[in-house]
Amino acid sequence: MSSIIQLLPDHVANQIAAGEVVQRPASVVKELLENAVDANATDIKLIIKDAGKSLIQVIDNGKGMSVTDSRLCFERHATSKIRQAEDLFSLHTKGFRGEALASIAAIAHVEMKTKQEQEELGVHIIIEGSKFVSQEPAVLPKGTSFAIKNLFFNIPARRNFLKSETVEQRHIVDEFQRVAMAHPNIHFTMYHNGSEMFNLPISNFRQRIVNIFAGKTNEKLVPVKEETEIVNLHGFIGKPEFAKKSRGEQFFFVNNRFIKSGYLHHAVMAAYEGLLKDGAQPSYFLYLEVPPHTIDINIHPTKTEIKFDDEHALYAILRSAIKHSLGQFNVAPVLDFDRDPNLDTPYQYQNKEAEYPTIQFDSTFNPFADDSNDRELAKQKPAKAFAAPSGYRKETQPSWESLYVGLKQAGQEVTEMTFENDAVSSSLFEENEIEQEVKRTYQIHKKYIVSPIKSGMVIINQKRAHERILYEEFLTNMTVHQASSQQMLFPLQLYFSAVEIDLIRELQHSLENTGFLFESITEDSIVISGLPVNVTESEVSIVLEELLSDLQDGIPDSSFCQNDTIAKSMARSLAVKTGTYLTEREQENLVHNLFACKEPNVSPFQKPTFITMSVEDLDKKFSL
Ligand code: ADP
Ligand code: MG
């Protein structure tokens, strides 16, 4: 039989390949805008007619091309941006595949004008369906203009496949916005069918976002900033109350390139946990700068998906930075504490798996102890379920007593909670002798702690509050520093099923970080020789059993989620139960430690830990 394999002619190969790069007019817009950015332009105009079906034109004032380059740029794999494979690991440009112009020229009528600054004349080239039609010298300003007409003229199937003008126009606007958002240092304008749609002067990131989305965007934004060795993160997140039903304004940029990442999106959503109504979507505009060699951009032809070396760490950093911002700007908690650098998330990721970063605690601090004999008492009562240490630091952090300041000094602004109703509350207690005698906390039905505050009163759910305190403490121990452990006089042997033993082995490292010490783990039993400070011997088996059953219900796939589950489970097992009597001192410590938490207003299971009732609310009840 005769041979039947042939090499495809270039123009056919180009047409086929073009399908990958150019799916719709918006793809052309993206490629041309990115080329203009790569050419160091400071002014870029996008001109569109009929949603790109008749014309897509991009005019830039960038570095332009030489006569030779202006022809070469239309060749497949012709690029000035990389020279060798290694360059792929140090990319600083948007393009690098050298395919866009070859692809576009294969399926459209292209007119290009370009001039370099130092040249007298530029060139004017017309190329249609990969065929050069003309090339002439021309008098031009510095920079490059690409006009693309009759897209898909030679692939009617593609042309017919295009969606309505509204849809195609939407895609174009999306691409335009993504590039413009990543480069506020460039002046962008966009015209559609002769009218100006966007005019975005050079500005900062915030202003750029506001200029694009207009309306009330500015007041919705909360800044995010975090600098670590593996990523510099900056940008803005939307306040939860502005969240919408649709997933509109959600943007990640990595090294100034818009990317999509379900994983990072998940991290953001996790940070908003408990703050959004069901199904509501927050806005976010997040810029990540990472060393180019730690990412692989090449996994998708249109380069919107990339691979990170250390996704887990990014996840943790993102989530924690956003949580921090939500808290810091008083979006999440009701109480607006000053930012304490001690609460900042530490990132010691170099030699660590990605773990849940959280706040630092003084693990020797005993809330039961008087200031004078703190340490002594800590030694004597280490195993009390209630001896939850906290991150509370007297010098640097506003204390929960600040909630009461209003009772003594009228008009002093302390927290948001105390702002309301100045007049009423201060006149109630102001300079009042009785105040000295007012008991600060009351336990009600062995379930709630009630306490007067400037605006009225706060009612705390003791169990949930204690869960929150313990949860944050465990997380800290697991991720930041190893917890101290109480050595047991007689090691304790506990029996488990084979499945459970496997799970314990898997968790060993995290459990040890909470303070457990394992002498041995065999096929069917474990021998424990040390316990976390706040777990007593009689509680061990129940804590471990509940933990194992929690983990078996939904075994998390990353160590990061695992830590979270362990902390939640142990917090629930160990928290003071409803029905437990608390001494006044214990009540006070509970309140104290709760408001020293990073997220005091919800339990680890996202249930409210406290509610407030203003004097006004009470007045209303009495006026009936
Ligand atoms: P890539 O961007 O991947 O290099 P392209 O096909 O998009 O591939 O562009 C090919 C080359 O043409 C670029 O590497 C660049 O040197 C040149 N070029 C394209 N657009 C411009 C422009 N607007 N200004 C200056 N040079 C450009
Ligand atoms: Mg390009």
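How are H9 and H10 oriented to each other? They are roughly parallel, a label for angles under 35 degrees, with over 145 counting as roughly antiparallel, 65 to 115 as roughly perpendicular and the rest as oblique. This is a predicted model, where local features need pLDDT of at least 70, side-chain atom pairs count only at pLDDT 80 or more, and totals for chains, interfaces and linings use all residues. Residues are numbered from 1 along each chain as its sequence is written, chains are lettered from A and ligands numbered from 1 in the order in which they are written, and side-chain values use heavy atoms, leaving out hydrogens and water.

**The chain overall**

- You're looking at 21 helices and 22 strands; these are DSSP runs numbered from the N terminus, helices being H or I with at least four residues and strands being E with at least two.
- Of the 624 residues, 52% are buried, where buried means under 20% relative accessible area, exposed means over 50% and partly exposed is in between (1.4 Å probe, protein chains only).
- Take the contacts (heavy atoms within 4.5 Å) with a separation of 6 or more: 68% of them link residues 24 or more positions apart.

**The eight-stranded sheet**

- Eight strands make an open, mixed sheet in the order E5-E4-E3-E6-E2-E1-E7-E8; two strands pair if DSSP finds at least two bridges between them.
- E5 (131-138) and E8 (195-200) are the edge strands, each with a single partner, so one side of each has no neighbour in the sheet.
- On average, neighbouring strands here are turned by 10 degrees against each other, direction ignored.
- Six bridges hold E3 (residues 109-115) and E4 (residues 122-128) in an antiparallel pairing, with His-109 opposite Glu-128 in E4.
- Helix H2 (residues 25-38) lies across E1 (43-49), E2 (55-60), E6 (143-149) and E7 (187-192), at about 10 degrees to E2; axes are lines fitted to C-alpha atoms, for helices over the stretch in contact, and angles run from 0 to 180 degrees between N-to-C directions.
- Helix H6 (residues 165-182) lies across E1, E7 and E8, and runs at about 170 degrees to E7.

**The five-stranded sheet**

- This open sheet is mixed too, with its five strands in the order E9-E10-E13-E11-E12.
- Its edges are E9 (221-227) and E12 (257-259); each has a single partner strand, so one side of each is left without a neighbour in the sheet.
- Neighbouring strands are turned by 20 degrees against each other on average, direction ignored.
- E9 and E10 (residues 232-238) run antiparallel, joined by seven bridges, and Pro-223 has Phe-236 as its bridge partner in E10.
- Helix H10 (residues 311-328) lies across E9, E10, E11 (250-254) and E13 (284-289), at about 135 degrees to E9.

**H9 against H10**

- H9 (residues 262-271) packs on H10 at an angle of about 30 degrees, with the axes 8 Å apart.
- Among the residues making the contact are Tyr-263, Leu-264 and Val-268 of H9 and Leu-314, Leu-318 and Ile-322 of H10.

**A look at Leu-618**

- Leu-618 sits in helix H21 (residues 615-622) and, at 28% relative accessibility, counts as partly exposed.
- Gly-456 is 162 residues away in sequence, yet 8.3 Å from Leu-618 in space, C-alpha to C-alpha.
- Leaving aside neighbours within four places in sequence, Leu-618 touches Met-457 and Met-613.
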